[in-house]
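Keep the structure open and follow along.

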There are 4 protein chains.
Amino acid sequence: MFFASDNTSPVHPKVMEALSKANSGYMPSYGNDPIMDSVRTKLRDIFDAPEAAIYLVATGSAANALSLSILNASYQTVFCHRNAHIEEDECGAPEFYMNGGKLALVDGEHAKMTPDTLRSVIAATGCGGVHGMQRGAVSITNVTEHGTVYTPAEIAALTAVARDYDLPCHMDGARFANAIAATGATPAEMTWKAGIDVLSFGGTKNGLMGCEAVIIFDPKRAWEFELRRKRGGHLFSKHRYLSAQMDAFVTDGLWIDLATHANAMGAELAQGLAQIDGITLAHPIDANMVFASMPNSLHRHMIASGARYNPWPDTADFNAKGDAIGRLVTSWSTTPADVQQFLSALQNR
Amino acid sequence: MFFASDNTSPVHPKVMEALSKANSGYMPSYGNDPIMDSVRTKLRDIFDAPEAAIYLVATGSAANALSLSILNASYQTVFCHRNAHIEEDECGAPEFYMNGGKLALVDGEHAKMTPDTLRSVIAATGCGGVHGMQRGAVSITNVTEHGTVYTPAEIAALTAVARDYDLPCHMDGARFANAIAATGATPAEMTWKAGIDVLSFGGTKNGLMGCEAVIIFDPKRAWEFELRRKRGGHLFSKHRYLSAQMDAFVTDGLWIDLATHANAMGAELAQGLAQIDGITLAHPIDANMVFASMPNSLHRHMIASGARYNPWPDTADFNAKGDAIGRLVTSWSTTPADVQQFLSALQNR
Amino acid sequence: MFFASDNTSPVHPKVMEALSKANSGYMPSYGNDPIMDSVRTKLRDIFDAPEAAIYLVATGSAANALSLSILNASYQTVFCHRNAHIEEDECGAPEFYMNGGKLALVDGEHAKMTPDTLRSVIAATGCGGVHGMQRGAVSITNVTEHGTVYTPAEIAALTAVARDYDLPCHMDGARFANAIAATGATPAEMTWKAGIDVLSFGGTKNGLMGCEAVIIFDPKRAWEFELRRKRGGHLFSKHRYLSAQMDAFVTDGLWIDLATHANAMGAELAQGLAQIDGITLAHPIDANMVFASMPNSLHRHMIASGARYNPWPDTADFNAKGDAIGRLVTSWSTTPADVQQFLSALQNR
Amino acid sequence: MFFASDNTSPVHPKVMEALSKANSGYMPSYGNDPIMDSVRTKLRDIFDAPEAAIYLVATGSAANALSLSILNASYQTVFCHRNAHIEEDECGAPEFYMNGGKLALVDGEHAKMTPDTLRSVIAATGCGGVHGMQRGAVSITNVTEHGTVYTPAEIAALTAVARDYDLPCHMDGARFANAIAATGATPAEMTWKAGIDVLSFGGTKNGLMGCEAVIIFDPKRAWEFELRRKRGGHLFSKHRYLSAQMDAFVTDGLWIDLATHANAMGAELAQGLAQIDGITLAHPIDANMVFASMPNSLHRHMIASGARYNPWPDTADFNAKGDAIGRLVTSWSTTPADVQQFLSALQNR
């Protein structure tokens with residue numbers, strides 16, 4: 001009953017196999033390995049973006065912070081939702097990599113910005129001439145931190161606002177595969193066709209060991225990205241082991257299959273929870289994250305029964321009185337039996 | 001009818017005189033001038049703080065950003081009001097000097113934090129362990145950006161919240177003299193006796209040419225401040241001319257006299273405005289700033305009549321329809337005649 | 001004939017096995033996995049340092065830059081050899097993580113500082129009061145970039161100089177295992193007993209996939225390290241896969257065995273080269289790196305024959321006339337046959 | 001006998017007069033004062049550069065660090081002489097403003113780079129691809145820190161090397177006026193006609209209170225400069241008092257007259273010293289700085305007699321045995337009598 005995060009799940013066997021296969025003989029380091037050529041080819045194909053520059057790093061925070069550091073100058077403000085991962089869960093990595101850039105926080109239900117909420121924050125920024133921060137990149141998290149998903153049309157509506165102000169757009173796609181699986185959109189429709197300039201394409205939460213791609217659709221700042229990656233300590237010497245992970249991931253649709261499964265488990269879990277008295281779902285279930293509000297006594301029962309998941313937000317406390325929200329995340333490795341075991345334990349209180 | 005800002009006013013004659021007097025012969029540079037000895041002695045006396053470390057810089061942004069850089073690590077968050085100058089009007093100087101520290105924004109009417117609003121933001125910060133920014137310094141602006149003033153008791157109530165979390169406290173006192181004049185508190189009561197660790201003690205807006213003191217009540221980080229000041233390009237070689245300004249300012253209570261006058265002019269202006277139909281005051285008038293809401297047609301009439309002041313916030317626009325707020329700031333050099341001229345012009349529409 | 005770098009070699013089978021073994025079921029993320037407990041226990045035992053704080057990151061640049069960022073303030077200068085990796089090969093990662101700290105470069109034959117060359121640079125730094133950078137950490141690379149090794153006595157002599165100025169000491173031990181294998185010293189003798197405060201303990205070049213430990217002997221800045229690691233994007237979510245690598249490495253002396261082998265291959269290669277007319281060794285052969293000066297025609301012959309290695313320094317060029325130095329690095333996976341093949345090819349020109 | 005630095009001298013009476021004249025009534029802040037219009041017009045005329053963007057700051061370190069921050073990315077290396085002020089006397093301000101950019105140090109007698117020494121350092125930088133810092137701006141100090149002066153032809157020879165590598169060029173002209181006075185070159189010949197892109201045009205050491213202009217010959221990065229100036233805390237609110245200083249300085253050739261006088265005093269002092277047994281001049285006397293090597297007993301005699309000047313470099317010590325170099329700086333306010341008094345005191349030992 002491990003629902004703490006998709007990053008507590010193991011690595012998919014096909015990925016382990018690819019790592020073993022890559023572990024043979026000598027190979028050029030620092031990204032010059034031939035497996036990386038395959039990764040680039042496959043991802044360009046998947047994204048229908050033959051010119052895209054593609055780089056691998058090992059963590060989502062690195063992918064996001066480095067991406068923003070090439071899109072947003074230190075004197076510019078990134079626009080993101082109040083509950084974005086870059087705001088809440090990266091200990092200021094974007095600000096560090098941007099040398100003191102800021103984030104302006106946009107409201108919106110279920111962790112989704114709307115064109116109106118985004119526009120109003122952009123409009124209120126950068127009006128003070130040299131005295132205030134200037135308008136910078138828009139960063140959209142998809143899947144959001146509340147488990148909801150933007151459709152390509154919703155993305156396009158947000159980037160249209162950005163375009164009105166001539167601002168670049170970043171997507172934090174730590175769970176990009178889940179968003180694709182949820183919507184059925186093509187990767188191109190969800191990104192460059194919808195106005196995204198740079199994508200953090202997540203793998204770690206979806207079956208990889210520690211590997212994310214940064215996809216830069218307009219490659220003119222690619223060299224700067226390479227330098228900033230190196231300077232941030234994020235260029236792997238034995239790069240083939242990043243390449244091998246990503247290569248397996250994007251071969252034969254593995255990335256989509258794993259996300260599709262995770263989403264299905266999320267739906268099943270949500271459906272079961274919704275039928276239990278005293279439990280309500282705090283957000284729509286679009287992908288693999290379920291936010292269930294229930295009495296803390298019930299949370300404590302579940303934890304005691306061996307379930308693993310966390311209160312949400314961080315400040316919530318299962319030891320308090322009353323109700324709280326627990327965040328339950330399914331993954332590629334969640335089984336229907338896991339879900340049933342959880343639901344049964346809930347009923348056996 | 002110049003009410004755009006107290007920084008559009010000239011330098012007080014006594015300060016000019018002090019500069020002339022200092023302009024004789026050779027003097028050691030970089031703060032080793034004998035006039036600085038006098039400044040230190042007088043300010044320590046005024047603040048009843050014989051151990052305080054005292055430094056001069058030329059701008060308020062430098063005073064604030066450098067102060068925060070010794071109180072707040074790069075991985076910590078500063079707590080300040082949503083309308084604080086450090087948030088709105090310094091183009092990210094604090095974030096730059098803190099190498100990517102963040103500001104968490106606290107609500108409160110009339111630009112004043114309350115113990116409750118402050119506590120709720122502090123409580124919600126730093127709960128995510130290593131994943132989130134850590135709690136850092138509390139920064140209190142007094143006089144606030146909306147012209148209101150915290151009393152020593154109000155300051156103490158805020159710093160008590162900070163002390164509950166073991167956080168240091170900074171005061172942005174760009175208009176500190178006006179706050180003292182408004183409350184009758186002693187400088188010690190308003191600062192270290194109320195829990196303030198470092199004060200940006202403003203002079204520029206109150207008759208100086210370009211001079212602010214940073215007063216560090218606990219001098220253990222003084223040397224670090226000196227290095228950061230130098231490294232920020234804020235250590236003056238011909239330092240005597242900063243010293244001379246500040247020395248004149250703190251001699252015979254000039255700083256208080258000038259602020260008392262500015263506040264009186266603010267009160268007079270506010271009183272006149274309040275009696276005019278269609279004009280309302282957006283905030284209490286505690287010091288030298290008046291926020292007057294009136295029809296934009298009236299604003300345009302006043303600008304056309306030669307008045308100088310700005311819409312507030314930056315995004316407001318006197319050319320729009322309806323009403324807008326104009327910010328009117330009085331200073332040491334505002335005369336009763338200036339105020340009367342303004343009020344008359346309003347009535348002669 | 002792959003001698004380009006020890007980072008072109010594969011991962012040792014025992015490490016792959018450990019990764020497979022770790023890949024079972026769910027495990028807490030972000031360093032809370034039980035394998036990390038084992039790593040801590042084993043490394044504390046190996047270093048006879050029961051209080052040491054121990055953290056894992058994936059790259060050597062991250063280990064070095066993060067280590068320096070907790071030892072050296074932004075206004076301080078790190079002292080290192082002119083040919084240190086942190087100076088030459090990290091694209092300014094230390095300066096980035098230190099927010100603009102500097103490196104002062106120390107001379108010394110074969111990439112080794114001496115107490116005299118170190119003292120002279122320290123003595124010449126920080127004499128200008130607030131106007132110059134202050135003296136900061138001493139960073140010692142062992143094995144050096146020229147393949148030479150400091151003995152514990154030599155380390156102690158350098159740290160004694162640092163201690164005279166009250167400066168902390170860092171060791172870049174990307175090839176620490178090779179230095180231990182070369183000297184027969186214990187890890188404690190080479191580090192904290194010799195005055196080292198923080199060690200970058202390398203694994204990647206010696207059979208791991210991408211894993212380095214940072215060992216902080218005085219743990220008072222451990223929490224700051226954790227925050228800076230997160231903020232730098234270097235905290236792995238699926239941390240167990242770092243733990244598993246390091247755990248295998250430090251089990252049953254694997255790390256030493258691999259380095260001992262690599263060093264033996266280096267010695268064998270050097271011995272063969274030394275007997276060939278027209279080839280001279282530029283530096284003593286203490287570990288697994290051989291710098292061989294030979295006619296460029298011969299380098300071109302070797303490259304054409306399939307050998308892989310690089311000119312040294314970067315600016316050298318095998319296509320130029322005359323002689324150049326080639327850097328040849330052996331690793332855990334180099335075989336005696338590899339060495340013989342290389343030597344034979346040299347003789348068959 | 002004050003020869004410690006030209007920054008220990010007072011402000012020229014015409015500048016004080018201009019400050020008094022500016023001190024009348026209200027004036028727009030933050031550089032929108034009409035006096036700044038005059039400054040721009042006059043400086044563009046003096047430099048024959050009608051398009052140049054011109055900004056004022058209060059210190060030379062700010063002028064240099066901000067200039068470099070728009071010319072040199074964080075992952076690039078500035079090339080400057082080993083004895084440049086930006087390397088030795090700004091406590092890392094350039095590295096701070098560049099967010100961890102580096103300086104590569106170029107040799108050359110009398111603190112002057114030569115095309116050869118510059119080229120060799122540039123050629124050795126940036127060859128390691130992504131692993132090393134990239135080549136960045138060339139910064140030339142004129143007058144140098146050893147009192148020597150580059151001619152326009154020498155400048156052009158250095159910038160030609162930079163142009164070979166497509167690198168921008170900065171001049172630290174803290175004593176630019178002295179260099180102009182020494183060579184008779186026009187300001188245009190010494191700067192943009194010789195390949196300089198951005199000039200720090202010093203005033204403080206030559207009769208101003210605290211004012212330097214940054215002249216950006218190609219204005220495309222002017223807005224970025226404005227934002228970085230604000231963000232660095234270097235935008236003055238009561239800007240008219242910077243404008244007034246600079247306006248007086250560049251009116252009727254005052255800046256040249258003062259420098260011409262300072263240089264003449266330097267020459268007179270040098271001539272007198274050269275005739276005294278046991279005194280040698282360490283560097284050619286091109287401008288207003290004299291480096292005199294003499295027995296420390298004689299230095300101590302002079303200090304005891306009331307002379308004020310410093311040992312050079314910082315590490316030298318008049319209390320040691322043997323000889324040391326004293327740095328003597330003349331200024332606009334040095335009189336022939338001052339020089340004679342000094343020379344007499346030397347002879348009356």
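## The sheet in chain A

Chain A has an open sheet of 7 strands, and reading across it the order is E1-E7-E6-E5-E4-E2-E3, with mixed pairing. The edges are strand E1 (53-57) and strand E3 (102-106) of chain A, each of which pairs on one side only. From one strand to the next, the twist averages 25°. Bear in mind that this is a predicted model.

As background, strands of a sheet pair through backbone hydrogen bonds, and they can do this either parallel or antiparallel. For a parallel example, look at strand E5 (residues 169-173) and strand E6 (residues 198-202) of chain A, which are joined by 4 bridges. If you want a residue to start from, A:Met171 has A:Leu199 in E6(A) as its bridge partner. Helix H7 (residues 152-164) of chain A packs on this sheet, where it touches strand E4 (134-141) and E5 of chain A. The direction of H7 makes about 175° with that of E4(A).

## Two helix pairs in chain B

How do the axes of helix H12 (residues 254-274) of chain B and H14 of chain B cross? They come within 10 Å and cross at roughly 15°. An angle under 35 degrees counts as roughly parallel, so H12(B) is roughly parallel to H14(B). The crossing of this pair is right-handed.

On the H12(B) side, the residues that meet the other helix are B:Met265, B:Glu268, B:Leu269, B:Gly272 and B:Leu273. Their counterparts in H14(B) are B:Pro336, B:Val339, B:Gln340, B:Phe342, B:Leu343 and B:Leu346. Sorted by class, the contact of H12(B) with H14(B) has 8 nonpolar, 2 polar and 1 charged residues.

The other partner is helix H13 (residues 296-304) of chain B, which packs with H14(B) at an angle of about 125°, the axes being 10 Å apart. That angle makes H13(B) oblique to H14(B). Here, too, the crossing of H13(B) and H14(B) is right-handed. B:Leu298, B:His301 and B:Met302 in H13(B) meet B:Phe342, B:Ala345 and B:Leu346 in H14(B). This contact of H13(B) with H14(B) divides into 5 nonpolar residues, 1 polar and no charged ones.

While you are in chain B, have a look at B:Arg44 in helix H2 (residues 34-46). B:Arg44 has a relative accessible area of 28%, so it is partly exposed. Leaving aside neighbours within four places in sequence, the contacts of B:Arg44 are B:Ala49, B:Pro50, B:Glu51, B:Ala52 and B:Ile54. B:Ser24 is 20 residues from B:Arg44 in sequence, and their C-alpha atoms are 26 Å apart.

Is C:Ser243 buried or exposed? With 0% relative accessibility, C:Ser243 counts as buried. This serine lies in helix H11 (residues 240-249) of chain C. Not counting residues up to four places away in sequence, C:Ser243 touches C:Asp33, C:Ile35, C:Met36, C:Val39 and C:Leu56.

In chain D, helix H8 (residues 176-183) has D:Phe176, D:Ala177, D:Asn178, D:Ala179 and D:Ile180 as its buried residues. These pack against strand E5 (169-173), helix H9 (187-190), strand E6 (198-202) and helix H12 (254-274) of chain D. After H8(D) comes D:Gly184, with a positive phi near 75°.

Most residues other than glycine have a negative phi, and most peptide bonds are trans. The table lists some exceptions.

| Site | Backbone feature |
|---|---|
| A:Trp312 to A:Pro313 | cis peptide bond, omega about 0° |
| D:Asn142 to D:Val143 | cis peptide bond, omega near -5° |
| A:Tyr30 | positive phi, about 60° |
| D:His110 | positive phi, about 60° |

Where do these sit? A:Pro313 is in the loop between strand E10 (310-312) and strand E11 (323-329) of chain A. D:Val143 is in the loop between strand E4 (134-141) and helix H7 (152-164) of chain D. A:Tyr30 lies in the loop between helix H1 (13-22) and helix H2 (34-46) of chain A, and at 23% relative accessibility A:Tyr30 counts as partly exposed. D:His110 is in the loop between strand E3 (102-106) and helix H6 (115-123) of chain D, and D:His110 is partly exposed at 25% relative accessibility.

Technical notes: Residues are numbered from 1 along each chain as its sequence is written. Chains are lettered from A and ligands numbered from 1 in the order in which they are written. This is a predicted model: local features need pLDDT of at least 70, side-chain atom pairs count only at pLDDT 80 or more; totals for chains, interfaces and linings use all residues. Side-chain values use heavy atoms; hydrogens and water are left out. Buried means under 20% relative accessible area, exposed over 50%, partly exposed in between (1.4 Å probe, protein chains only). Contact means heavy atoms within 4.5 Å. Two strands pair if DSSP finds at least two bridges between them. Axes are lines fitted to C-alpha atoms, for helices over the stretch in contact, and angles run from 0 to 180 degrees between N-to-C directions. Angles under 35 degrees count as roughly parallel, over 145 as roughly antiparallel, 65 to 115 as roughly perpendicular and the rest as oblique. A crossing is left-handed if the near helix is turned anticlockwise from the far one by less than a right angle, and right-handed if clockwise. Ala, Val, Leu, Ile, Met, Phe, Trp, Tyr, Cys and Pro count as nonpolar, Asp, Glu, Lys and Arg as charged, and the others, Gly among them, as polar.
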